[in-house]
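Hi everyone, thanks for coming. Let me put the structure up on the screen, and then I'll walk you through it.

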Amino acid sequence: GTQEQTIISGDRLYNWDELQEAGSKFTISKSVSEAKEVLLDKLWDLEENGATALGPALQLSIAIAGSKPGSQVILCTDGLANIGLGSLEGKETQYTP
C-alpha cells in the first residue's frame, strides 16, 4: 500500500503476459502487520464505480504475492467480474442464483 499507484486499463486487462509482468515488477517490502494502518486506510477509501476487473486484479495479486514465500491473496469484491480476463459479462444468469 505504499508504492506508487499503477493503472492497468484497456487491452492490458485481457493480456495474461502483460498482467503477469506488471505484477512481477512490484515488491513486497513490509509485512501486513507493518503496513496495517496504510492498508486499512486504503481499504476504507475504496468506492464502487464502474466495471469490476476481478480476473486481472487476481492475476496481478497472485504475481505480486508470488514474490514473497508464504504470501496470501484475499479477495474482497462488491461486483461481478465484468471486464478483462475472466469476465462474466452477459453470463450473469449462468453464475448467479
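The protein has 4 helices and 0 strands, and from the N terminus on its elements run α-α-α-α. Helices here are DSSP runs of H or I with at least four residues, strands are runs of E with at least two, and both are numbered from the N terminus. Please keep in mind that this is a predicted model, where local features need pLDDT of at least 70, side-chain atom pairs count only at pLDDT 80 or more, and totals for chains, interfaces and linings use all residues. Residues are numbered from 1 along each chain as its sequence is written, and side-chain values use heavy atoms, with hydrogens and water left out.

Now the overall dimensions. The C-alpha trace spans about 40 × 30 × 25 Å along its principal axes. The accessible surface comes to about 7500 Å², and 53% of that belongs to carbon and sulfur atoms; areas come from the Shrake-Rupley method with a 1.4 Å probe, and for residues only the protein chains shown count as cover. Of the 97 residues, 15% are buried. By buried I mean under 20% relative accessible area, by exposed over 50%, and by partly exposed anything in between, with a 1.4 Å probe and protein chains only.

On to contacts, meaning heavy atoms within 4.5 Å. Among contacts between residues at least 6 apart in sequence, 67% join residues at least 24 apart.

Here is a place to look at that. Which residues does threonine 52 touch, leaving out those up to four places away in sequence? They are Thr77, Asp78, Gly79, Leu80, Ala81, Asn82 and Ile83. Threonine 52 lies in the loop between α2 and α3, and it counts as buried because its relative accessibility is 14%. Alanine 51 is found in that loop between α2 and α3 too, but it is partly exposed, at 47%. Alanine 51 touches Asn82 and Ile83, again not counting residues up to four places away. From alanine 51 to glycine 79 it is 28 residues in sequence and 8.2 Å in space, C-alpha to C-alpha.

Over in helix α3 we find glutamine 59, which is buried at 6% relative accessible area. Beyond four places in sequence, glutamine 59 touches Trp16, Leu19 and Gln20.

Let's turn to the surface. Patches are made of residues with over 30% relative accessible area and no salt bridge, joining like charges within 9 Å and nonpolar side chains (Val, Leu, Ile, Met, Phe, Trp, Tyr) within 5 Å. Glu37, Asp41, Asp45, Glu47, Glu48 and Asp78 form a negative patch, where Asp and Glu count as negative, Lys and Arg as positive, and His and the chain ends are not counted. Each charge is placed at NZ of Lys, CZ of Arg, CG of Asp or CD of Glu. Aspartate 78 sits in the loop between α3 (54–65) and α4 (92–95) and is exposed, at 59%.

There is also a nonpolar patch of about 480 Å², made by Leu40, Leu43, Trp44 and Leu46. Tryptophan 44 belongs to helix α2 (residues 36–45) and is exposed, at 69%.

Last, the salt bridges: a side-chain nitrogen of Lys or Arg within 4 Å of a carboxyl oxygen of Asp or Glu. The structure holds 2.
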